[in-house]
Amino acid sequence: MLVLLNLGLTGIAQADDGGYEYKGGLAGVSPEDDKYFSSPKGVVIDSNGNIYVADTLNHRIQRFDASGTLTMRWGSLGTAAGQFNLPADIAVGTDCVYVLDTNNNRVQKFTLNGVFLLQWGGVNKPQGIAVGTDGSVYVADTNSHKIQKFNSSGAFIKEWGEFDDLAPEKFSGPKGIAIANGSVFVADTGHKAVQQFSTTGTFTNMWGTSSLSYPDGIAVGTDGSIYVADAGHIHRFNGSGTPTGTFTLSPISSPAGIAIGIDGSVFVADTNNHRICKLDATISTQTLTFGTQGNSNGILNSPYASAIGIDGSIFVADTNNHQIQKFSATGTFISKWGSLGTATGLFNTPRGIAVDSSGNVFVADSGNNRIQMFTANGSFIRLWTNSLNSPGNIAIGSGTIIYVANTGKCNIERFNSNGTFVGKFGSYGDNDNLFKYPQGICIDSDNNVYVADTENNRIKKFTYNGTFITKWGGGGTATGKFNQPTAIAVDHYNYIYVCDSGNHRIQKFSPTGNFITSFGIQGAGTGSFSSPLGIIVGTTTNGHEQVFVIDTGNHLIQYFEPTPLAIGTISPNSGNNTGTISCIINGAGFFSQVQAELFCGSLTIKGTTTSVSTSGTFTSIFDLTDAKWGTWSLRVINPNGTISIAATSDVFSIIDPIPPTIIKAVTLGTNSNGCLDGIGITFSEPIKDTSVVLTDFNISGIGTPTGSSTGGNVDDNYFELLFASGVLNTSVTPTLTYATGSLTDLYGTMYGGNLLASTITTTHDSARSVLKLVTPSSNGVDNNSIAIEYWLSEQCGSGTVRLLFQGATSTIYTLLGTYIGTTTTTASIGLIDGTYTVTIIATDMAGNAGTSNVCQNWRYDNTLPTITLIKPASSASDNEQIDVEYNLSEDVASLTITFIGTMSTTTTLSAGTSGTHLQILDGRTLLGSSTSTYTVTLNATDLAGNTYSVTNNNWIYDTSAPRITLSSPGTNSCDNRTIAVEYSLSKDVNPHSLWLMFYSSADPKSPRKANTIFLGTESIHSVEINGADLLSDGNITTDDSLIDGCVYDVIMTAIDWAGNPGTSGTNTGWTYDITPPKVGLSKPATNGFDNQSIAVEYTISEVVATVTLVFIGTDTGTHTVRTTLAGCTNITLGTSNISP
């Protein structure tokens, strides 16, 4: 858990500082951090009631007292002893703690106070651990589908189990394990069961398959009860596996670990709610909860990446909190957005982030395999996926091209800022153009791409489009070697910084891969790292670079700046701006190669780069040719980016001994009237603006100019003499005369010299003709007859006035250029359909080229629009609600629909944009209420004037409802499971709309519906349906079965093809009866006899249709005899005489 803070600290560089000085942390521990978890999975209670929690995604162990107060914690992300990678469970021995270090595939043993003792491996992503009474350690070896037993020193004793989807004594991903009363209980997750064994692995029992859905943690209570954590619930069983209780967590989560307190209380690691819950022994009451995930403002959870905004703010990919947090440059929390999810604006373990030149934020939403784009304030803009698979970091090249380290696909993918795929390079492998799970990417100022090829332990350099340039690195611990490089950054000098994660350091290289320096060692102190995963490089206001390291294992973001240099003197300290000068610079702290710079405001003169053999003196050569005269400051830069300024003034003086001259004078035509507006003068060097005296100048045909202005910055080498517009034509080239006055260069301000000498200059005609394009117009559209209207300010050369079309094809159409003013014409140029940019270009008689305003997005369209009338369809029908559905191939200017039949009418449709549209018209308003057949025509005219229509025939307008007569099931009748249905229809209806409805107040699911076998044609129909399967889908459920003995009212409903509904009359009192009558036969009696007059006595439980008496002979040669008797309800008959 991290909190971005500006601690305002500085530190003394350590022995391995590499020329970098620790300046403080942008991360600290929140006061409430003592109860923060991230998906805890394991919990155990020791004999003193202390609670140990495997804080899984924070890669640590936390210990609390019985009230939930934190007493200690240990661990961080890593592979060293005492470090963890997703610890999933924890167990307590007599005087020790065993931790399942799941993703490191090992067991680690500690004292009760977290002091490392020993470790052992031989397991594959284990999820459960328990300790027996004899000190033996039992491990649920999840991915190996078996149980392993070790002694307390980690020596292997035995194992049992193998993978099987169903069989007892075998496992499918076992996760939980508990030991009690000489038995081993295993939460066999894949089997959805609990299996019981002896401590030697002999199978004894299996239960829970009917009540468990995802058993995870398991524990045995003091009374022998067995508790199982199962997908949002805690189940309790007795020793034989009989359920005795269930507790449902709120909000529902996925509990993993479970433990029993010394008082019998049940403690649950409520994983996805990031807390510990305490229940009583009967799991009926929740008595205590503590913990939260730690996603408050400024709290970070395993951040992977950061980026610096255009205003210096810092954006952090807060990976395990599934959000983005924004901080000021000093670490003050500003805002955050996002949470776990798949919707827009939500994230799943974001691992990369970048900011473009407009301030937009791009996030590699790694778990959702996509890139999301936001404003700087977190407003969602767009997302894209393409073929992304666990994308890592992001970099932004020139033209706002987005580069993504597509880690899971082992390639680099390129997109524009709209998310459109541009290209990709690389695939899995170890050759120059291949990668193994690259994670880091950055782009230098020359648009070169650098990739941290993580599993190949190399840095690779490519051109912007993926052409291989060079590579460096390789596995190892020496300088220039890597162990899992995960992130990479570039500074404003194009030096490369690599997060050498496995070596716990930062390495710095030249753009060609030459090693420069490194800093950081493994550890927890300032300037030390533990598996750093991210890095960003910025620049302070005084030009120093800032290096921010995401020190993941230590839960810190550390901030560094280069160790300051000291500059003494420069000799000589002045020179003329006419050539080069060699200077000796004295100081201290120079490192490796250095470069001196003279600077004045935004101007810079770079000296030669020098290799320093002593930290106190070096020589640098400066080229002062044409440099600005005056006082300059000095700074020295070493490859670490350190900038040291010697002074703000009088460090070095540049002298200007040469007076200014006029280099060129040109005519100006800045307005749109086609006349000269002034003369622009370019001098050999900057002129003091305040020394300009207009009476010192004379212009032939004009005389003294009326005013002056600078062409850009004050006191630059260009200014303009202005006069009244409309006096001279743009083709005139007047003569400029200057008489020596007070005009001086800037050097004269301080040293009193360098006056401009008298001169006579012939001006050059540089005033271009003014062109205006009226039509084609921006966003306009034309067909083959193109209207052209344009204006020329002056005569142009024959054949030089051209109308340029650029777009779907490129065409130049030559216009007349021998006149001045506005002209219109039409032309058929032979374009192809498409969008064009249209411009007039022309060259005046002096050869000055001019360009008109640009017509953008003009469209040439000589193709008829394609329209499809989907509804009303030919030979179809509608009622008074007429669905009009159509598809347009392009936007249209007008769109109407015409109905021709008994009535004829035309109406305008509102939606004329390209695509498919659905509008609903009121038929009664348009066509009345009479049924009739119509011809329907859709008419369209596109924006260019092209027209097209489409017609559907024999469409029926029908507002009459269908008549339904339901004969059976009839009023006051009954049926058994086979129900005879007879009905007649007055017209064809949609068979899917035919429903037979059964209503009864005695049926809680009334009305019941049947509809799957009815015919919808105009006729009399007889069908049979199954009362136990009304939907006739073979799936007999309580939802589509009638209730035996229930009396129903029966109605049939339907909708005809025009959409008109119809309903039959109601048949009341129909009974559904599927229970056979009960019959008792008293006479003829068993072993009795009768003569020709046979007495028959029987009882019947209900009214029946027929009663048949069957005699089956028992002597050889006899036959079966049947006779029909009268029936009645629930009474005993008297004697009936029948003739056998």
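How many bridges join β3 and strand β4, and in which sense do they pair? Point 2 has the answer.

1. Ground rules. This is a predicted model, where local features need pLDDT of at least 70, side-chain atom pairs count only at pLDDT 80 or more, and totals for chains, interfaces and linings use all residues. Residues are numbered from 1 along each chain as its sequence is written, and side-chain values use heavy atoms, with hydrogens and water left out.

2. β3 and β4 (residues 51-55) pair in the antiparallel sense over four bridges. Strands here are DSSP runs of E with at least two residues, numbered from the N terminus, and two of them pair if DSSP finds at least two bridges between them.

3. The β7 to β10 sheet. Here too there is an open sheet of four strands with antiparallel pairing, ordered β7-β8-β9-β10. Its edges are β7 (87-92) and β10 (116-120); each has a single partner strand, so one side of each is left without a neighbour in the sheet. The twist averages 20 degrees from one strand to the next. Inside, β8 (residues 96-101) and β9 (residues 106-111) pair in the antiparallel sense over six bridges, with V99 opposite Q108 in β9.

4. Annotation. In the model, residues 116-153 are 0% helix and 50% strand, with end C-alpha atoms 13 Å apart. For residues 338-377 the figures are 0% helix, 35% strand and 12 Å between the end C-alpha atoms.

5. Q196 is in strand β17 (residues 193-198) and counts as buried at 12% relative accessibility (buried is under 20% relative accessible area, exposed over 50%, partly exposed in between, with a 1.4 Å probe and protein chains only). Beyond four places in sequence, Q196 touches residues including F185, F203 and W207, where contact means heavy atoms within 4.5 Å. Q323, in strand β30 (residues 323-327), is buried at 3%. Its C-alpha is 9.7 Å from that of P303, 20 residues away in sequence.

6. Nonpolar cores. The term covers buried Ala, Val, Leu, Ile, Met, Phe, Trp, Tyr and Cys residues joined through side-chain atoms within 4.5 Å. The largest has 23 residues, and V981, L996, F998, F1014, I1025 and M1052 have the most contacts inside it. Strands supplying at least two residues each include β86 (978-985) and β90 (1047-1055). Leaving aside neighbours within four places in sequence, I1025 is in contact with V981, L996, F998 and F1014, among others. A second, separate core of 22 residues includes L869, V892, L938 and V950.

7. Cysteines. A search of the whole structure finds zero disulfides (a disulfide being a pair of cysteine sulfur atoms within 2.5 Å). C442 is buried at 5% relative accessible area, whereas C974 is exposed at 52%.

Conventions
Axes are lines fitted to C-alpha atoms, for helices over the stretch in contact, and angles run from 0 to 180 degrees between N-to-C directions.
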